[in-house]
Amino acid sequence: MVRAARSDYGARVITEVRAGPYTLRGVSVGGVYTTLHVPELDVVLDAGLTLRSFATAGRYFLSHGHLDHVAGLAGLLNIRGLVGAKRARIHLPAEIEGAVRDLLRAHGSLARAELDAELLPMLPGEEIPIGGSMFVRALRTHHPVPSLGYQFIRRVARLRPEHHGKAPGEIARLRREGGPGVFDEHESLELAYVTDTLSRVLETTPSLLESRVLVLECTFVDATRSVEDARRKAHLHLDELVALAPGFQNEAIVLMHFGQGASPDRVREAVKSRLPEGLRERVVVFAPEGDRWFG
Ligand SMILES: [Zn+2]
Ligand SMILES: [Zn+2]
């Protein structure tokens, strides 16, 4: 008798979660692949796997050159070529620009077709506009290879309270005259993406704790690996978040990049049992339903 094949391929490919006003779609397993699409910002964070629907995003942000974060890049550019999407804009740590260019050139020569992309190297602290009122600031993460995190910031000009109620014509006149203080600039830390790093990043960039949504790696979650093990590998352990719990001001913290040593169900159980009340409710586990990782 032929038995019906049981699917051993595990979960659905794409996991989707909501965090504050943002949607995060994609896959993330530490050391295997991480790629996340945030449709509200029209950005893809890392490119560890080629996913069809990620190929037309407005911008790509690479955290570092480890394969679980870049292996899908050439495939994405290939699909862009197929569908006639405009030249991809790829933000990346300045130190890996040459290597990524070489990688794309090698793929291009294999395919006898150019993989065209605009590479936009960034340094820690550098900030660039990405359209509308949105800006991105790069930050230093702590990993054995050149690496960056990214903060997405909304900057809006607000009329100062002393001008409230004035006619638009008068506001325009004050503005024209260039007098000081018609508007205040207000900065809102909307979303931060921080992966493959020591927890020390929360000390070196403390504003991460104030980002409305913080997407943070958490490669190790239980006692099968100690905090020291995690630090030796330049990754983060869930137990470190317990110690730091009072500092998190975020509306939502999306944990991802879990190692495949723990199943999604075990990750959820660890988050539930180890994180203190007050933090636990704000944490979103980025993992598929059930007890298997995709693939
Ligand atoms: Zn990784
Ligand atoms: Zn890495």
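Q: In what order do the seven strands of the open sheet stand, and what is the sense of their pairing?

A: Strands of a sheet pair through backbone hydrogen bonds, either parallel or antiparallel. In this predicted model, local features need pLDDT of at least 70 and side-chain atom pairs count only at pLDDT 80 or more, while totals for chains, interfaces and linings use all residues. Residues are numbered from 1 along each chain as its sequence is written, and chains are lettered from A and ligands numbered from 1 in the order in which they are written. Strands (E, at least two residues) and helices (H or I, at least four) are DSSP runs numbered from the N terminus, and two strands pair if DSSP finds at least two bridges between them. Here the order is β1-β2-β3-β4-β5-β6-β7, with mixed pairing. β1 (15–19) and β7 each have a single partner strand and stand at the edges, so one side of each lacks a neighbour in the sheet. On average, neighbouring strands are turned by 25 degrees against each other, direction ignored.

Q: Which strands does β3 pair with in the antiparallel sense?

A: β3 pairs with β2 (residues 22–29) over five bridges, and Ser-28 stands opposite Thr-34. Three residues lie between these strands in their hairpin, where Gly-31 takes a positive phi near 80 degrees. β3 also pairs with β4 (residues 43–45), over three bridges; there, His-37 has Val-44 as its bridge partner. This second hairpin has four residues between its strands, and Asp-42 takes a positive phi near 55 degrees.

Q: Which strands run parallel, joined by two bridges?

A: They are β5 (residues 59–61) and β6, with Tyr-60 and Ile-90 as bridge partners.

Q: Which residues of helix α2 are buried, and why are they on the same side?

A: An α-helix has 3.6 residues a turn, so residues three or four places apart point the same way. A residue is buried if 20 or more other C-beta atoms, placed from the backbone, lie within 10 Å of its own, exposed if 12 or fewer, and partly exposed in between. In α2 (residues 73–83), Leu-73, Ala-74, Leu-76 and Leu-77 are buried. They cover an arc of only 160 degrees around the axis, which puts them on the same side of α2; the arc is that of the directions from the helix axis to the C-beta atoms. The face turned away from the buried side carries the exposed residues Leu-82 and Val-83. Just after α2, Gly-84 takes a positive phi of about 70 degrees.

Technical notes: Axes are lines fitted to C-alpha atoms, for helices over the stretch in contact, and angles run from 0 to 180 degrees between N-to-C directions.
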